[in-house]
Amino acid sequence: MSEQRTEAWHFATQAIRTGHQHTPEGEHSEPIFPTSSFVFASAAEAAARFSGDEPGNIYARFTNPTVRNFEQRLAALEGGESCVATASGMAAILASCMGLLMNGDHIVSSRSVFGTTTILFNKYLSRFGIDTSFVELSDIGAWERVIRPQTRMLFLETPSNPLTEMADIRLLADLAHDNNCLLVVDNCFCTPALQRPLSLGADIVIHSATKYLDGQGRCIGGAVVGNAQQVGEEVFGVLRTAGPTMSPFNAWVFLKGLETLELRMQAHSRNAQQLAEWLERHPKVARVHYPGLASHPQHALVNRQQQAAGGILSFEVGGGQPAAWSVIDATRMLSITANLGDTKTTITHPATTTHGRLTPDQQAAAGIGQGLLRLAVGLEAIEDIQADLAQGLDGL
Ligand SMILES: *Cc1c(COP(=O)(O)O)cnc(C)c1O
């Protein structure tokens, strides 16, 4: 099996078959190796493994066969040389910063990134002498203006949460490389099924596997994908030393999730597209933010950069927070949670949850109005999702 030229396989085939090293048991489904350490045939073999003269497993903080299976599969899907799996999406971001930056370096980050990422940069990395400037995601001039000689990393998510603004990855990759910086893309919302940042010039891809890679809301995990030096050596070095590694059980859940990733991402996108079009026609909805709509300001970019528009959308109702909350509270099926990337549709009020820590001025600057609602559209029948939302919307 391992002798096959798996790089020539298509995406769907890699998602199902890459990385499985069959054991002598002849198992069809990938095995889980719940073991913390590995044994050696002899003292000499142990010495060769420890010295690095011979490849192979030593201890599961460094490597584990099930985790490696997930890493090889995700690396293939993102088109990267190396992947390291981490205990969470945040651990993937932390390990990347620790492995690739040092005291005195500067990060330029999109303002519209996951809230905890902002806290990691502002509150924690700053203690170790790494400064971050935040800019408007889609304004390339703003990125250019804040780059300094010390800038080493540009960091973004596209599309953004919850307003689905987009970054032109190719343009930002050129800007990064002209300034001797790395472009890091958190590809959580699209996954490689819809967007492959490395093929557009990005250097590092981050994942919260917790979301769509699992796809059914079961496990916390993350990953970093990139080249053999930066990821295979530098980020891996942090992982094996600092220890936020992925458990073999979680790796197994994620690697089985990858097998259906493309099908699920297409289905999430189809449901979200239909729902966005329906919401846009609804008389009680003032505005819908979804890259698949012709009304989206960057609709042309989504067609160029993504296979489909994804499962996340947001919309605005008149009447502020009371109206938004009444739409949420009128639902009987949708899950009221800020999580996303699940088969189950979730609904949240960003101004009082995910973006609740921002001051009213910061919320206004970020475009997070009191009447804004975010949906992570799941895989239920579209008629049922619509009917559940209609109860609240019709009553406004
Ligand atoms: C959830 C999320 C993270 C953090 O991932 P965890 O697995 O919760 O640590 C990072 N980035 C994005 C875009 C996310 O949605």
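Which residues line the largest cavity? The legends below take that up after a note on the source. The structure shown is a predicted model.

**Figure 1. The largest cavity and its lining.** P159, S160, T164, F189, A309, G310, G311 and I312 line the largest cavity. About 40 Å³ of space lies inside the cavity. Searching the whole structure for cavities of 30 Å³ or more gives 1. The lining splits into 4 nonpolar and 4 polar residues, with no charged residue. P159 and T164 are among the lining residues, and both return in the next view.

Figure 2. Strand 4 spans residues 151–157 and helix 7 spans residues 169–178. P159 sits in the loop between these two elements. P162 has its place in the loop between strand 4 and helix 7, and T164 lies in the loop between strand 4 and helix 7 as well. The peptide bond joining T158 and P159 is cis, with omega about -5 degrees. A cis bond also runs from N161 to P162, where omega is near 5 degrees. T164 is a residue other than glycine with a positive phi, near 55 degrees. Why point out such geometry? Most peptide bonds are trans, and most residues other than glycine have a negative phi. P159 and T164 also belong to the lining of the largest cavity.

**Figure 3. The largest pocket and the elements around it.** About 1,200 Å³ of space lies in the largest pocket. The lining counts 49 residues. V113, F114, G115, T118 and H355 lie nearest the centre of the pocket. Helix 4, helix 5, strand 6 (204–208), strand 8 (285–289) and helix 14 (360–366) each give two or more residues to the lining. Which element gives the most? Helix 5 does, with 5 residues. By class, the lining holds 18 nonpolar, 22 polar and 9 charged residues.

**Figure 4. Helix 4 against helix 5.** Helix 4 covers residues 89–100, and helix 5 covers residues 115–124. Their axes are 10 Å apart and pack at an angle of about 30 degrees. Angles under 35 degrees count as roughly parallel, so helix 4 and helix 5 are roughly parallel to each other. The crossing is right-handed. From helix 4, the contact takes in M90, I93, L94 and C97. From helix 5, T116, T117, L120 and F121 meet them. The contact residues comprise 6 nonpolar and 2 polar, with no charged residue.

**Figure 5. Helix 11 against helix 15.** Helix 11 runs over residues 261–281, and helix 15 over residues 382–394. The two axes come within 10 Å and cross at roughly 30 degrees. Helix 11 is therefore roughly parallel to helix 15. The crossing is right-handed. Helix 11 brings N271, Q274, L275, W278 and L279 to the contact. Helix 15 brings I382, I385, Q386, L389, A390 and L393. By class, the contact residues are 8 nonpolar and 3 polar, with no charged residue.

**Figure 6. Helix 13 against helix 15.** Helix 13 spans residues 320–330. The axes of helix 13 and helix 15 come within 8 Å and cross at roughly 140 degrees. Are these helices parallel or oblique to each other? Angles over 145 degrees count as roughly antiparallel, and the crossing angle is roughly 140 degrees. Helix 13 and helix 15 are therefore oblique to each other. Helix 13 passes helix 15 in a right-handed crossing. On helix 13, S326, V327 and A330 make the contact. The contact residues divide into 4 nonpolar, 3 polar and 1 charged.

Definitions and conventions: Residues are numbered from 1 along each chain as its sequence is written. This is a predicted model: local features need pLDDT of at least 70, side-chain atom pairs count only at pLDDT 80 or more; totals for chains, interfaces and linings use all residues. Side-chain values use heavy atoms; hydrogens and water are left out. Axes are lines fitted to C-alpha atoms, for helices over the stretch in contact, and angles run from 0 to 180 degrees between N-to-C directions. Helices (H or I, at least four residues) and strands (E, at least two) are DSSP runs, numbered from the N terminus. Angles under 35 degrees count as roughly parallel, over 145 as roughly antiparallel, 65 to 115 as roughly perpendicular and the rest as oblique. A crossing is left-handed if the near helix is turned anticlockwise from the far one by less than a right angle, and right-handed if clockwise. Contact means heavy atoms within 4.5 Å. Ala, Val, Leu, Ile, Met, Phe, Trp, Tyr, Cys and Pro count as nonpolar, Asp, Glu, Lys and Arg as charged, and the others, Gly among them, as polar. On a 1 Å grid over the protein atoms alone, a cavity is a set of points where a 1.4 Å probe fits but cannot get out, and a pocket is an open set with protein on both sides within 12 Å along at least five of seven lines; lining residues have an atom within 4 Å of a point. Grid points are joined across faces, edges and corners, and a volume is the space filled by probe spheres set on the points.
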